[in-house]
Structures are given as C-alpha cells and as structure tokens.
Amino acid sequence: MRNTYLRLMQLVTGILIAVLLGIHIVIMHLDAILGFFEVDVTEPTSWESMIGRASQAIWVGLYIALLAVVLYHALNGLRGIILELTPSARTERIVTWVIIAFGIIAFIGSSYVPLALLIS
C-alpha cells in the first residue's frame, strides 16, 4: 500500500511540475505569445522585473511550490532507483532517511533567497 501511495505522489508531482513549469516558461520566455494575448510583459528577465516579481508573494509561492514538487519528484525517483539495487530492509531505511535529510536541507537552503527577497 505504501508503494502505491508513493507512486501516486510521483505521478501527481509530475503533473504539478508540468503545470508550474509551464506557467514559469510562458511568463519568462514566451513574451511574444503573451503580447499576442495583450498581456504586457516588458523584458521579463531584466533585473527590475525579477526584483518586482520577487517582492510579490504569489511569485515567491509559485517558485517555492515548484521547488518542493521538483525536489520530491526527483528524490523519490532516486530513492526508487537506489532501492531496486539494495535488497535489505536496513539499507532501505538508511537510504530513505538520508534522502529525506538531503531533501529538507536542500529545500531550506533553496527557499532562503526567494523568502529573503520577499521580506526585504
């Protein structure tokens, strides 16, 4: 049952990555398409535009959500690959806890910059 839940979460995070990354790509790199739909995007990669987005909670939330689902998706996939190679339950627990610890550290470290820019 636990593996079914983890596989379901792998699929859900894959869909969320597609949606969140799609939003990011459209806003950041497809300004011609947004211009066609009369959305005013003036140079989304300029410093002023990036700092402007960093001061809006919706963008910080989007980037942190994207970070969380990508980390979960990638680390759960890596865990699955490693566990196919290791037969013992003890090794499975060790691998799981190492990956969880790495994921938490990576999430906290990577969330610092957007949150610091939002607060400043």
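Which residues line the largest pocket? Keep that in mind while you go through these points.

1. **What you are looking at.** This is a predicted model, so local features need pLDDT of at least 70, side-chain atom pairs count only at pLDDT 80 or more, and totals for chains, interfaces and linings use all residues. Residues are numbered from 1 along each chain as its sequence is written, and side-chain values use heavy atoms, with hydrogens and water left out.

2. **Confidence.** pLDDT is the predictor's confidence in each residue, from 0 to 100. The protein chain averages 86, and 88% of its residues score at least 70. Among its elements, helix α2 (residues 31-36) has the lowest mean pLDDT, 67, while α5 has the highest, 93.

3. **The overall layout.** You'll find five helices and zero strands in the protein chain. Both are DSSP runs numbered from the N terminus: helices are H or I with at least four residues, strands are E with at least two. Of the 120 residues, 24% count as buried. Here buried means under 20% relative accessible area, exposed means over 50%, and partly exposed is in between (1.4 Å probe, protein chains only).

4. **The largest pocket.** Back to the opening question: the lining consists of Asn3, Leu6, Arg7, Gln10, Asn76, Gly77, Arg79, Gly80, Ile81, Leu83, Glu84 and Glu92. The elements giving two or more residues to this lining are α1 (2-29) and α4. Helix α4 provides the largest share, seven residues. The volume is about 320 Å³. On a 1 Å grid over the protein atoms alone, a pocket is an open set of points where a 1.4 Å probe fits, with protein on both sides within 12 Å along at least five of seven lines; lining residues have an atom within 4 Å of a point. Points are joined across faces, edges and corners, and the volume is the space filled by probe spheres set on them.

5. **The second largest pocket.** This one has a volume of about 250 Å³. It has 12 lining residues, and Tyr72, Leu75, Asn76, Ile99 and Ile100 lie nearest its centre. Helices α1, α4 and α5 (89-119) are the elements that give two or more residues to its lining.

6. **Sorting the linings by class.** The largest pocket has three nonpolar, five polar and four charged lining residues. For the second largest pocket, the lining has seven nonpolar, three polar and two charged residues. Ala, Val, Leu, Ile, Met, Phe, Trp, Tyr, Cys and Pro count as nonpolar, Asp, Glu, Lys and Arg as charged, and the others, Gly among them, as polar.

7. **Arg79 and Thr96.** Arginine 79 sits in helix α4 and is buried, at 8% relative accessible area. Its side chain makes a polar contact with the side chain of threonine 96, at 3.0 Å. A polar contact is a pair of N or O atoms within 3.5 Å; within protein, one must be able to donate a hydrogen and the other to accept it, and residues adjacent in sequence count only if both atoms are side-chain atoms. Threonine 96 belongs to helix α5 and is buried too, at 12%. The threonine 96 side chain also reaches the backbone oxygen of glutamate 92, at 2.8 Å.
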